[in-house]
Structure formats: structure tokens, C-alpha cells
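Dear colleague,

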Amino acid sequence: MIDQETIQRIMDSARIVDVIGQFVSLKKRGANHIGCCPFHNEKTPSFYVSDAKGIFKCFGCGEAGDVVKFLMKHEHYTYPEALRWLAEKYHIEIHEEEMSDEQRERQNERDGLFHVSEFAQKYFADLLYNDEMGRAIGLSYFHQRGLSDEIIKRFGLGYCLEDWSNFTDHALHNGYSEAVLEKTGLTIVKEDTGKKYDRFRGRVMFPIYSISGRVLGFSGRILSSEKQAAKYVNSPDSDIYNKSRILYGLYQARQAIAKADKCYLVEGNVDVISMHQSGVENTVASCGTSLTIEQIRLIKRYTQNVTVLYDGDKAGIKAALRAIDLLFAEGMHVRVTLFPDGEDPDSYAQKYGSTALQDFLSTHEDNFVLYKTRVLLDSVKDDPIRRAGLLTETARTIALVTDLMERQEYIRQCSYLLKVSEDVLTHEVSKAINLNREKAYTAKSESTISTVEPSSPVEGGATENAAPEPVSEPVNQALQPPIESERHLVQLLINHGDAMIRQTFKAEDGTEQESEYSVAQIIISDLRNDQLSFTDPLCQRIYEQCSLMLDMGGHIDLQRFLSSDDKQLRSFVAGLMVDTYSVSDSWMKLKQIHVPKIEENLKQDLTDTLYTFKRLRLMQMVRSLNDQLRGADETRQLQLLTEIKYYSDLARTLGQALGQVISPRFN
């Protein structure tokens with residue numbers, strides 16, 4: 001287990017914008033950075049990262065936390081794995097404490113899958129250059145495909161010998177267990193005989209990396225002419241590898257995609273590598289599967305602009321058409337480039353060179369909707385029934401376009417191609433949009449009434465979506481948001497709890513004296529003296545934990561909240577910390593208007609917030625007493641009326657102090 005001193009050094013060194021920026025395209029906005037959330041599908045960025053406070057918060061899905069929580073959620077790391085990743089990034093030596101057997105077993109199991117995958121990649125890459133068969137078969141194949149040694153090493157390519165169990169024997173000899181080898185899919189064990197053999201024997205190897213550069217699995221291409229053998233074999237899904245959620249080449253392409261604000265999507269691994277070698281580094285491919293929503297969302301973290309490159313034959317055209325609906329449904333801006341029949345990105349680059357390839361890409365892009373319409377139009381000829389079906393199909397595709405102006409332009413151009421009026425096509429598009437909404441509503445309704453499965457456990461035995469501690473009456477957070485004064489009071493605790501405020505008071509001898517107290521001390525002592533609590537359960541939990549921290553002689557430790565396994569609490573606190581409305585310095589200089597920050601008026605803000613909070617609580621008490629009047633006997637009514645007048649006077653006094661001259665009505 002990593003010791004606390006090392007953890008603190010890691011947390012002090014880690015810059016959250018640097019880390020998240022490796023996975024999400026961020027843009028500066030005021031004091032924060034903003035981008036599209038990597039944890040849910042969104043078209044308008046609502047994912048905020050605060051470098052100063054070291055937190056992230058999505059105001060769309062509510063996901064939030066610190067840099068460690070981001071890595072745990074995004075890369076599916078355990079807590080120790082996330083710390084080790086940060087330690088390696090910032091060159092921090094790790095000192096570890098003794099772990100329990102259970103913790104060690106859980107960590108070792110996942111680490112083992114990563115370690116053996118990285119071991120295998122290095123072994124296959126070594127064979128490619130340092131083994132006679134590796135050079136004669138594997139390296140010569142890559143050279144024949146026109147790949148340079150530089151690009152081969154950049155993508156970590158390798159070769160697995162044809163011997164039945166060469167790699168398996170080597171891995172076992174180096175201490176890797178049979179169970180780990182089998183879980184990664186590198187080794188296949190026959191159930192009836194227990195015989196072990198290499199899954200990728202006799203194949204050139206394409207390692208598949210995570211966005212952070214860890215080896216997750218492999219794709220192996222056979223070089224023999226054996227008819228029964230599959231041309232490509234991929235690693236099976238495991239705890240670290242899921243082919244539908246991975247794009248080949250994304251690790252090498254992610255920065256180029258973000259810089260160009262554009263991604264080229266091709267079909268094969270060699271196409272990706274050939275494009276990179278030709279200078280088109282913003283290129284990726286799906287990993288042995290048809291394009292999936294998860295893969296599209298990976299691209300969307302870096303850009304919304306995708307150009308699909310497919311072969312010009314019928315199979316390539318069909319593949320391009322299959323991808324269009326998914327891409328548009330995810331809000332992507334899509335174009336298509338078809339190579340001449342019989343060519344693909346790799347063969348075109350080999351035949352004509354890198355410069356010609358780049359020129360071809362820049363001059364042969366076509367609008368995807370118009371391309372699809374033209375292709376289908378050629379296939380239906382003058383058949384009126386098939387033309388009617390084409391109209392419906394075109395409308396269905398246009399309905400997936402979320403940008404209204406872009407959609408209208410598609411309607412204009414497609415109506416010209418189909419030789420129908422814009423009104424007719426607009427009507428069909430509207431029908432398609434309504435149908436999509438009905439389907440979405442039905443799916444949402446079915447999801448709402450279905451039985452919810454329990455969340456899978458995370459580090460420490462807690463659940464990722466753990467609910468807050470039970471309260472006397474369940475509160476629906478969506479329908480009953482926190483009272484604004486409660487929320488702001490907790491916000492002051494979170495953001496300024498340790499800030500010192502100078503206060504003046506009269507001593508016993510009548511002289512005025514000054515003393516400093518922290519914001520947390522003032523809030524907590526004031527509420528304790530008046531025996532007040534929060535009506536919102538989340539605000540009350542935060543207040544109680546801050547109160548406990550203060551009683552223990554410490555300060556407000558935000559890490560306690562940001563590292564909580566309770567997603568609801570973590571998200572709420574992060575939301576209080578992130579200021580989404582900040583005025584830029586350049587704007588203030590241009591307008592010559594000073595907009596005061598909360599720190600400049602902290603004392604007044606604290607006083608006003610406490611007064612408002614107390615006044616609202618007094619008003620609640622008065623309403624409760626008024627309700628008790630009904631049905632009370634005469635003696636009890638007199639007592640209640642006396643209390644109502646007392647609390648009403650206090651509320652009125654606080655209102656006057658706040659400048660609210662209108663007396664509150666409580667009936």
C-alpha cells in the first residue's frame with residue numbers, strides 16, 4: 001500500500017488540466033477549462049476542470065471529483081493504479097506500506113493482465129528484429145508493405161513464431177501464471193487435454209493501446225495461405241480489453257486529432273499505420289468490429305469532425321453507409337472520401353506517395369448525406385416505389401442531424417437531387433424526428449420502470465452510486481433542490497472555510513477589541529448556538545463533516561469529499577467549487593468595469609447569507625406554528641401565538657438588516 005507521504009507528494013505534483021487534457025480536448029474559459037464530458041454523450045460542453053482547485057465537474061451527468069477519481073472512472077483504474085500512473089507521469093518514487101492479502105490479490109490480478117500484455121509486446125517486437133524467422137517473415141512483410149523501421153517501432157509491431165507454444169513457454173519461464181496468460185487470451189488451454197498453445201502463432205502482431213499508452217491486447221495477421229485460418233485474430237475481451245470500446249491508433253493519433261480538429265476513420269490496422277507514415281497522423285480504425293457508439297464517443301472527445309475513408313468497391317460503400325447513422329446520431333459532422341475501385345489508403349500511398357495521398361484527401365471529400373443520397377439514387381433508377389422508399393430513407397438520415405441550419409441545408413440540396421419540393425422532404429424529416437422522439441421516450445419509460453441492478457463494488461467495498469445516509473423523510477433531489485441560502489452557506493464552507501475574517505467585539509471592560517476567526521468557525525459556532533440545521537440532506541451531511549473536522553482541530557479537508565465513493569456527494573461538492581460564471585480580465589480591462597469577486601466582500605457575503613438562512617428558518621418555524629393553531633385548545637393557542645409573534649419579530653429584524661423592508665406574511 002502506498003504510504004500517505006507519497007500520496008500527498010503525488011497529489012501536490014499532479015496538475016489536473018495536464019492529466020485530463022491527455023484524454024479530453026479542453027479549452028480555456030475564464031478561470032476554468034471546458035470540454036465535452038467523456039462520461040456521457042453531449043453536444044454542448046458542460047465538463048469543467050478547475051486547475052486552481054484541482055477538480056472536475058460535469059454539469060450534465062453530475063460526474064465529479066479530483067484527478068485520481070478521473071483516472072479511476074476514465075481508465076477503470078483502481079485507486080492504487082491511478083496513483084501509480086500519476087507517480088510515473090511526475091517521476092515520483094513510490095514508497096509502499098504493507099497491504100492486506102485481499103488488497104494485494106485484487107491489485108495483483110489486474111496488474112498481472114497489464115504486465116503480461118506489456119511483456120508480450122516487448123517479446124514480439126524483439127523477435128521481429130533479433131530472431132532469424134522474425135526478420136525473414138515478420139519484418140520482411142512489414143517492409144514489403146512499405147512501412148519504415150521508425151513507424152514499425154512507433155506502433156510497437158512484432159512477430160509471434162509459428163511454434164505451438166514458444167511465447168507461452170517463454171512467459172511461464174519468466175514467472176507469469178497460466179491463469180493470467182489465459183485471461184489475456186495470449187494462451188489457449190484445451191479443456192480436454194490441458195495442452196497450451198499460442199493464440200497468435202505465425203502472425204505479425206499489432207499491439208492495441210489504451211489512450212494512456214498501456215498495452216490492452218493484440219491483433220494478429222496470418223501470413224500463410226492456410227484457407228481455414230482467419231486472416232486476423234484479435235484478443236478476446238478481458239478485464240482490461242473490450243474491442244467495441246477501443247480504436248486502433250488512437251493513442252498515437254489523439255494529439256493530432258485535437259490539433260487538426262478532425263479525424264480520419266479507416267478500416268484496417270495497416271491503413272492506419274500507412275496514413276501516419278504519410279503524415280496524416282489524425283487517423284484511427286475500429287478494432288476488428290463494426291463501428292460502435294462507444295468508439296464514436298472516443299473520437300468525440302477530441303473532435304466532432306470525421307472523414308470516413310473506405311474502399312471504392314461495393315463492400316466499402318456498404319460499410320460507409322452503415323456508419324453514417326451512428327455518426328450523425330452522435331452529433332458528428334461527417335464527410336466521406338472513397339478511393340478508386342481496388343484502392344485503399346495503404347495501396348494508394350504505396351502507389352502514388354505521401355504527397356499525392358494528402359492531395360487526394362483534400363480534394364475528394366464529399367458530404368456524407370449527399371453522397372448517400374446519390375448512391376441510393378443510382379440504385380433505384382426510375383422505380384417509383386423504390387424512389388418513395390429512398391425519400392423516406394433520406395429523411396431518416398437528415399433527421400439525425402442535430403444542427404438546425406445544417407439540417408435545413410441538407411433538405412435543400414437533397415430535395416434538388418430527389419426532384420421533390422423542400423416542403424415534401426421537410427414534412428418527411430419532421431415525421432422521422434417525431435418517430436425518433438417516440439422511440440427515445442418509450443425506451444426511457446421502459447428503463448425507468450425496470451428493476452435497477454445494484455451497482456458494482458468499487459475500491460473499499462462502497463458502490464459508485466452509493467446513496468446518501470438515510471434521512472427521516474426521503475427527499476427527491478431533482479424535484480426539491482437545496483434552498484439557495486443553504487447551498488450558498490455550504491459553498492462558503494467549502495470554498496472559503498479556512499479564510500480568516502477580522503471581527504470587532506466589546507470586551508468585558510467595555511473596550512472594543514478585534515480578533516480573527518475562520519469562516520468555518522463563524523458558520524458552525526453560529527448555527528450551533530441557535531441549534532439550527534439544514535433541511536437539505538446533502539447540505540446537512542457536508543455541514544456535519546466540516547463540523548467534525550473543526551472539532552478535531554483541523555481545517556476543511558476538501559479531499560475527503562472529492563475522494564468519496566458517494567457519487568452524489570462528490571458531484572454536489574464539486575459543483576459548489578466550480579465557478580462557471582467568471583469574467584475575463586481582458587473584458588474588464590476593455591470595459592474598464594471592476595466586477596468584485598466574492599473574496600473582496602467575503603465578510604459581508606457571509607453575514608448576509610447567515611441572516612438570510614436564519615430568516616428562512618424562522619419563517620419555516622412560523623408556518624409550522626400556524627399549522628398547529630388549527631385544532632389546538634385555547635391555552636395552547638395563546639402559547640402558539642406568543643411564539644409566532646416572537647419568531648416573526650426576529651424574522652422582521654433580520655429582513656430589515658438585509659434591506660428587505662416588506663414584512664413577511666406567514667399565513
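Helices (H or I, at least four residues) and strands (E, at least two) are DSSP runs, numbered from the N terminus. Helix H16 (residues 368-380) is followed by Lys381, whose phi is positive, near 55 degrees.

Two remarks on the source are needed. This is a predicted model, in which local features need pLDDT of at least 70 and side-chain atom pairs count only at pLDDT 80 or more, while totals for chains, interfaces and linings use all residues. Residues are numbered from 1 along each chain as its sequence is written, and side-chain values use heavy atoms, with hydrogens and water left out.

The protein as a whole contains 27 helices and 19 strands. Of its 667 residues, 45% count as buried (under 20% relative accessible area, with exposed meaning over 50% and partly exposed in between, for a 1.4 Å probe and protein chains only). Among contacts with a separation of 6 or more, 66% join residues 24 or more positions apart; contact means heavy atoms within 4.5 Å.

To return to H16, this helix has 13 residues and reaches 18 Å from its first C-alpha to its last, close to the 18 Å expected at 1.5 Å a residue (1.5 Å times one less than the number of residues). The buried residues of H16 include Phe368, Leu370, Tyr371, Leu377 and Val380.

A positive phi also occurs just after helix H21, where Gln531 has a value of about 55 degrees. Within H21 (residues 519-529), the buried residues include Val519, Ile522, Ile523 and Asp526.

Helices H11 (residues 269-277) and H14 (residues 345-352) have axes that come within 8 Å and cross at roughly 40 degrees (axes are lines fitted to C-alpha atoms, for helices over the stretch in contact, and angles run from 0 to 180 degrees between N-to-C directions). H11 is therefore oblique to H14 (angles under 35 degrees count as roughly parallel, over 145 as roughly antiparallel, 65 to 115 as roughly perpendicular and the rest as oblique). Val270, Asp271, Ser274 and Met275 in H11 meet Pro345, Asp346, Ala349 and Gln350 in H14.

Finally, Gln121 lies in helix H5 (residues 101-130). Gln121 counts as buried because its relative accessibility is 13%. Beyond its neighbours within four places in sequence, Gln121 contacts Gly156, Pro207, Tyr209, Val215 and Phe218.

With kind regards
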